[in-house]
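Have the model open beside you as you read.

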Amino acid sequence: MNVSSLLDPILIAELAALGLGTGFLAGLLGIGGGMLMVPFITIIMGHRGAPADLSVKMAIATSMATIIFTSVSSVRAHHKRGAVRWEIVRRLAPGIVIGSLVGSLGVFALLKGTALAIFFALFVGFSATQMFLDKKPAPTRQMPGTGGQLAAGGAIGFISGLVGAGGGFISVPFMTWCNISIHNAVATSAALGFPIAVANVLGYAVSGQSVQGLPAGSFGYIWLPALAVIALCSVITAPLGAKAAHSLPVKKLKRVFASILYLLAAYMLWKGLHG
């Protein structure tokens with residue numbers, strides 16, 4: 001993809017539609033947009049001639065970069081309601097940063113994009129099942145000590161970096177299992193999305209510097225035109241989704257969304273196996 005293709009109205013429209021849709025769904029269902037963004041950015045880049053290995057990696061990195069922007073507005077809203085457990089954020093964040101850097105600087109760069117696509121498909125399939133069944137883990141214990149939270153943060157950051165997601169599907173169940181109320185767990189998970197995104201994006205930017213054949217407008221593995229359009233549009237519609245959540249049957253909508261995630265997971269699995 002050359003510089004002139006970045007001004008293609010069709011490309012801008014595709015990215016804008018993706019940003020508007022993911023922003024609305026994030027506000028409506030309380031999920032991050034990574035599970036939607038990664039498959040669709042992969043498709044968009046693939047249609048413009050990017051090889052499968054590179055398009056998957058850039059889709060994951062770009063998706064993660066958008067979380068830097070979307071998490072800020074989300075955290076502000078949760079903080080105003082006093083729902084963020086900042087003491088948990090402070091204890092999990094160091095492990096998150098370490099795990100994110102290990103993943104994005106090391107493992108992400110070493111793995112083929114097709115292998116990441118398969119891992120992404122399995123993770124999204126698991127997350128879709130979790131959403132479809134709407135099962136919450138029974139609270140059975142308290143938050144672990146400093147060492148345990150360091151390890152938990154490391155796992156959250158590492159896995160998030162490999163799939164381009166903000167970690168909510170790992171951190172929320174973990175916190176509710178540790179007797180944190182679901183309301184506080186969701187708010188705290190939103191706050192954790194920021195260090196996850198910043199640390200991983202730093203790793204993607206550094207590890208992608210030596211990669212050949214990156215499309216125009218790239219900064220490491222991050223595709224800046226997609227980041228700009230998607231972030232701008234998702235910030236516009238996220239509050240609308242949050243408002244609609246009070247009047248729409250969110251539980252039923254989650255099941256519909258889970259069904260869509262199964263289709264996207266199947267596509268990414270096919271991409272990984274045949275890309």
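## Helices and residues in a predicted model

Helix α1 passes α10 in a left-handed crossing, a term for a near helix turned anticlockwise from the far one by less than a right angle. This is a predicted model, in which local features need pLDDT of at least 70 and side-chain atom pairs count only at pLDDT 80 or more, while totals for chains, interfaces and linings use all residues. Residues are numbered from 1 along each chain as its sequence is written, and side-chain values use heavy atoms, leaving out hydrogens and water.

Helices here are DSSP runs of H or I with at least four residues, numbered from the N terminus. Axes are lines fitted to C-alpha atoms over the stretch in contact, with angles from 0 to 180 degrees between N-to-C directions.

### Two partners of α10

Helix α1 covers residues 9–29, and its angle with α10 is about 135°. The two are therefore oblique to each other, the class left over once angles under 35 degrees are called roughly parallel, over 145 roughly antiparallel and 65 to 115 roughly perpendicular. On the α1 side, Leu25, Leu28 and Leu29 meet Val250, Leu253, Lys254 and Phe257 of α10; contact means heavy atoms within 4.5 Å. By class, this contact has six nonpolar, no polar and one charged residues. Nonpolar covers Ala, Val, Leu, Ile, Met, Phe, Trp, Tyr, Cys and Pro, charged covers Asp, Glu, Lys and Arg, and the others, Gly among them, are polar.

How do α5 (residues 113–133) and α10 (residues 250–274) pack? Their angle is about 165°, so α5 and α10 are roughly antiparallel to each other. This crossing, too, is left-handed, with α5 passing α10. The contact of α5 with α10 divides into 16 nonpolar, five polar and three charged residues.

| Helix pair | Angle | Axis separation |
|---|---|---|
| α1 and α10 | about 135° | 10 Å |
| α5 and α10 | about 165° | 8 Å |

### Residues of α4

Is Ser104 buried or exposed? With 0% relative accessibility, Ser104 counts as buried; buried means under 20% relative accessible area, exposed over 50%, and partly exposed in between, with a 1.4 Å probe and protein chains only. Ser104 sits in helix α4, residues 86–110, and its side chain reaches the backbone oxygen of Ser100 at 2.7 Å. Not counting residues up to four places away in sequence, Ser104 touches Ala109, Ala199, Asn200, Gly203, Tyr204 and Ser207.

Leaving aside neighbours within four places in sequence, its contacts are Met143, Gln149, Met175, Ile180 and Thr188. From Ile88 to Val107, 19 residues along the sequence, the C-alpha atoms are 27 Å apart.

### Around α8

Ile196 has its place in helix α8 and is buried, with a relative accessible area of 1%. Its contacts beyond four places in sequence include Met64, Ile96, Ser100 and Ile156. Phe69 is 127 residues from Ile196 along the chain, yet their C-alpha atoms are separated by 12 Å.

Asn179 is found in the loop between α7 (168–177) and α8 (182–207). At 39% relative accessibility, Asn179 counts as partly exposed. Most residues other than glycine have a negative phi.

Notes
Polar contact = N/O pair within 3.5 Å; in protein donor to acceptor, adjacent residues only side chain to side chain.
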